Amino acid sequence: MYEVIFYLTAAIAVIAAGAIVVLRHPVHAALYLIVALLALALLFFLLGAPLVAALQVMLYAGAIMVLFLFLMMVMNLRPQPGRPLSLPVGWQGPALLSLLLWLEIFLLLGRASPDDAGSAMVIEPRAVGMALFGPYLVVVEAAAILLLAALVGALYLSRRGRA
Amino acid sequence: MIPLTHSLVIAALLFTLGLAVVLLRRELLFVLMGLELMFNGVALTAVAAGQHWGNADGQVLTIFLMAVTAAELVVALILVWLAFQHFGAVRVDELSRLREDAKLKGNARGDTS
């Protein structure tokens, strides 16, 4: 049962990733990318990494893809200029894949005991936090400086574009 | 229990598909999406390996990977937007001008407007 769910999720991720290669419209590709990221989050959860799964949903599917879609709306890309945006045709595929993901989560949460999920080892968020702020503290500081640099760069570039 | 090899094969598939997106689709936004896919393949590798050896380091690496990706993507998206605004470029092939050329074009546009 656990294996079936795992491989089904992996298949969803790979199918959604493959759809990006062939799709024309960037918004459709972004939808498939969101589905792939959500499937990966479920894979992380199934592998026994709940913290990374939650971060994947919040950061990737939540924040980063919003940036993508925001830029697409600002750029207002169309396959051919003048043609109306044919958005309502492409929602079935991502919707079907998302429905499959939702059903898998429903199955997983419906089981009685959590260790029945079959995952041999769950590394708790506590262990990750202890590692993060123990031996990796210097890297956390470096990541903070990197984010600050990205913030400064984004501000500089956006101001320069306006001037 | 899923063997480590299967997770690695899935991660390699995702990475290859991301590479295919970068190489085959020349739109700037698609290139960034392909980069995202490749980052996620790597993240799956890290998490699967970390779980296999019962170590939290894989998840720590994935968290740092997310931070780096976010920082990269913010700057890259602004660069894509600037390329679109200044040159009207959506595809990578349209960004083949050297710097002097670009400056000349920017000056010409500034004069006419």
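Predicted model: local features only at pLDDT ≥ 70, side-chain atom pairs only at ≥ 80, totals over all residues.
Trainee: Okay, so where does R25(B) sit?

Mentor: Look at the loop between α1 (4–24) and α2 (28–52) of chain B, and you'll find R25(B) there. Helices are DSSP runs of H or I, at least four residues, numbered from the N terminus.

Trainee: Is R25(B) buried or exposed?

Mentor: R25(B) is buried, because its relative accessibility is 4%. The cut-offs are under 20% for buried, over 50% for exposed and partly exposed in between (1.4 Å probe, protein chains only).

Trainee: Which side chain meets R25(B) in a salt bridge?

Mentor: That's E27(B), at 3.7 Å from N to O. A salt bridge needs a Lys or Arg side-chain nitrogen within 4 Å of an Asp or Glu carboxyl oxygen. Like R25(B), E27(B) is buried; the relative accessible area of E27(B) is 14%.

Trainee: And what does E27(B) do with R91(B)?

Mentor: E27(B) and R91(B) form a salt bridge too, with their closest N and O atoms 3.9 Å apart. R91(B) sits in the loop between α3 and α4 (99–112) of chain B and E27(B) in the one between α1 and α2, so this pair ties together parts 64 residues apart in sequence.

Trainee: Is R91(B) buried or partly exposed?

Mentor: R91(B) is partly exposed, at 32% relative accessible area. R91(B) also has a salt bridge with D93(B), where the closest N and O atoms are 3.7 Å apart. D93(B) is partly exposed as well, at 47%.

Trainee: Which residues are linked in the network of salt bridges?

Mentor: The network links R25(B), R26(B), E27(B), R91(B) and D93(B). Over all chains, the structure holds 4 salt bridges.

Trainee: Switching to the two chains, how many residues of each are in contact?

Mentor: Chain B brings 54 residues, and chain A brings 59.

Trainee: How many salt bridges cross that interface?

Mentor: The rule finds 0 between chain B and chain A. On the chain B side, the elements giving two or more residues are α1, α2 and α3 (57–87). The largest share of that side comes from α3(B), with 24 residues.

Trainee: Now chain A. Where does E104(A) lie?

Mentor: E104(A) is in helix α4 of chain A, residues 92–110.

Trainee: Why does E104(A) count as buried?

Mentor: Because its relative accessible area is 3%. Beyond its neighbours within four places in sequence, E104(A) is in contact with I5(A), L8(A), T9(A), I12(A) and L42(A).

Trainee: What about F6(A), buried or exposed?

Mentor: F6(A) is buried, with a relative accessible area of 1%. Y7(A) counts as partly exposed, at 32%.

Technical notes: Residues numbered from 1 in each chain as written. Chains lettered and ligands numbered in written order. Heavy atoms only, no water. Contact = heavy atoms within 4.5 Å.
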